[in-house]
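Visitor: I am new to this structure. Please walk me through how to read it.

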Amino acid sequence: MFLPRVVKRQEPLQWGSFFIFAAALVVSLGVSCALLAVHGKPPLKALAVLWSGGFGGPFALEDTLLKSIPIFLCSLGVAVSFRMQVWNIGAEGQFALGAVGATWAVLAFPGLPMWAMMPVMFLCAAIAGGLWAAVPAVLRLRFGMNEIISTLMFNYIGILFLQFLVYGAWKDPTSFGFPMTPIFPKAALIGPIAPATLGRVHWGLAVCVGVAVLLAVFLKRTRLGFELLAGGENPRAARYARMPYNLLVLLVMTLCGALAGFAGCIETSATVNRLQPSIMVGYGYTAIVVAWLSRLRVGSIACFAFLLAGLRVGVEHLQLDLQVPAAFGGILEGMILLSVLAGQFFDRYRFTLKGRS
């Protein structure tokens with residue numbers, strides 16, 4: 001009699017990650033199509049709309065690239081904190097505080113020229129997002145509070161704080177009652193890189209490239225970056241080696257908040273040109289999915305951020321063309337993540353048959 005047995009592989013499968021993700025994507029799309037069919041929507045047409053909406057032309061790719069910018073920045077921060085095994089789920093709230101910080105800079109110093117306004121906006125966004133993320137870090141280090149719970153709760157507080165401002169003190173008196181600040185002056189707007197060739201793609205893309213390069217250099221070429229990676233692999237060994245583990249936890253949380261703050265600043269300045277609640281569309285939560293799918297690698301984060309941004313755009317087209325519920329996008333993201341995590345089991349383990357007498 002032969003019984004199945006799970007055996008750990010000596011080394012991962014060659015090209016295993018690629019095939020696992022491809023299979024997971026097929027499975028998640030298949031399940032999503034089945035759900036659409038249950039609701040009376042044509043699955044094949046839905047897939048065609050999903051593809052054409054997110055990747056099927058210059059305008060679709062442009063829209064996807066714009067949405068991938070804040071997702072990428074938030075994902076970078078989340079990946080850094082996850083490398084330290086610090087489970088920061090609060091990128092959404094830190095994104096909100098970054099947008100608030102950038103808006104405060106604009107409202108406090110409306111007459112600054114662009115060369116001064118942009119650094120002040122990004123600095124205030126990074127400080128606001130970083131400090132917001134530092135509070136759960138201190139709560140973990142000082143009182144042992146689980147950062148998953150604290151960062152998740154801080155998301156709701158940060159979003160409500162943003163709404164408190166735009167419904168109250170920062171509300172534009174000429175907005176006909178809509179919750180939004182006055183439109184930013186021209187010096188506070190991040191403009192397009194090359195409108196004739198790249199359309200609406202703005203200089204936030206250049207910020208993404210610069211931040212990614214600096215972060216890669218920091219992690220691979222500096223002592224503090226090495227300690228960060230080592231501390232994540234084995235916290236007890238890091239403490240034994242007298243690495244500043246508590247400082248590293250505070251650093252990665254603050255860095256994650258600052259990067260999410262950058263994303264909030266860019267989205268506020270380049271996309272909506274003011275602060276309003278509609279910027280809170282879940283980029284911080286999507287960043288968690290991207291970080292896990294990419295296995296915390298910077299290059300992979302860029303690819304998966306673009307992919308999930310395209311799926312977001314495609315789902316928007318599904319809502320318009322087939323009246324698919326908005327929640328379908330979250331279902332699709334969740335199915336992809338669960339399928340990939342389940343598929344990674346086969347990258348590390350294999351089944352064998354063991355004889356039994």
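**Starting with the pockets**

Guide: Four helices, α3 (58-83), α11, α13 and α14 (327-348), each give at least two residues to the lining of the largest pocket. Keep in mind that this is a predicted model.

Visitor: Which helix supplies the largest share of that lining?

Guide: That is α13, with six residues.

Visitor: How many residues line the largest pocket, and which lie nearest its centre?

Guide: The lining has 25 residues. Nearest the centre are Lys67, Val281, Tyr283, Arg312 and Glu316. The volume of this pocket is about 540 Å³.

Visitor: What is the volume of the second largest pocket?

Guide: About 420 Å³. Its lining has 13 residues. Glu233, Trp292, Arg295, Leu296 and Arg348 lie nearest the centre of this second largest pocket.

Visitor: Which helices each supply at least two residues of the lining of the second largest pocket?

Guide: They are α3, α9 (223-233) and α14. By type, the lining of the second largest pocket holds six nonpolar, three polar and four charged residues.

Visitor: Is Leu296 buried or exposed?

Guide: Leu296 counts as buried because its relative accessible area is 15%, and the cut-off for buried is under 20%.

Visitor: Which loop holds Asn273?

Guide: Asn273 is in the loop between α11 and α12. Its phi is also positive, near 60°, in a residue other than glycine. Asn273 is partly exposed, with a relative accessible area of 22%.

Visitor: Let us turn to helices. How do I read the pattern of buried residues along one?

Guide: An α-helix has 3.6 residues a turn, so residues three or four places apart point the same way. Now take α6 (residues 147-167). Its buried residues are Glu147, Ser150, Thr151, Phe154, Asn155, Gly158, Ile159, Leu162, Leu165 and Val166.

Visitor: What covers the buried residues of α6?

Guide: The cover includes α4 (91-108), α5 (114-143), α11 (245-272) and α12 (283-293).

Visitor: How many residues has α6, and what span does it reach?

Guide: Compare the span with the one expected. α6 has 21 residues and reaches 30 Å from first C-alpha to last, close to the 30 Å expected.

Visitor: Which residue caps the N-terminal end of α6?

Guide: Look for a side chain that meets the backbone at the helix end. Here Asn146 is the cap. One of its side-chain oxygens lies 2.7 Å from the backbone nitrogen of Ile148.

Visitor: And α14: how many residues has it?

Guide: α14 has 22 residues and reaches 33 Å, close to the 32 Å expected. Among its buried residues are Phe328, Leu332, Ile336 and Val340.

Visitor: Which residues does Ser32 contact, beyond its neighbours within four places in sequence?

Guide: Phe328 and Leu332. Both are buried residues of α14. Ser32 itself belongs to helix α1 (residues 16-38). Ser32 counts as buried because its relative accessibility is 2%.

Visitor: Ser75 is another serine to read. Is Ser75 buried or exposed?

Guide: Ser75 is buried, at 0% relative accessible area. Ser75 belongs to helix α3. A polar atom of its side chain lies 2.6 Å from the backbone oxygen of Ile71. Leaving aside neighbours within four places in sequence, Ser75 contacts Ala287, Val290, Ala291 and Ile301.

Visitor: One last residue. Which helix holds Val298?

Guide: Val298 is in helix α13. Val298 counts as partly exposed, at 23% relative accessibility. Not counting residues up to four places away in sequence, Val298 touches Phe72, Leu76 and Ala212.

How values were computed:
Residues are numbered from 1 along each chain as its sequence is written. This is a predicted model: local features need pLDDT of at least 70, side-chain atom pairs count only at pLDDT 80 or more; totals for chains, interfaces and linings use all residues. Side-chain values use heavy atoms; hydrogens and water are left out. The expected span of a helix is 1.5 Å times one less than its number of residues. Buried means under 20% relative accessible area, exposed over 50%, partly exposed in between (1.4 Å probe, protein chains only). Contact means heavy atoms within 4.5 Å. A polar contact is a pair of N or O atoms within 3.5 Å; within protein, one must be able to donate a hydrogen and the other to accept it, and residues adjacent in sequence count only if both atoms are side-chain atoms. On a 1 Å grid over the protein atoms alone, a cavity is a set of points where a 1.4 Å probe fits but cannot get out, and a pocket is an open set with protein on both sides within 12 Å along at least five of seven lines; lining residues have an atom within 4 Å of a point. Grid points are joined across faces, edges and corners, and a volume is the space filled by probe spheres set on the points. Ala, Val, Leu, Ile, Met, Phe, Trp, Tyr, Cys and Pro count as nonpolar, Asp, Glu, Lys and Arg as charged, and the others, Gly among them, as polar.
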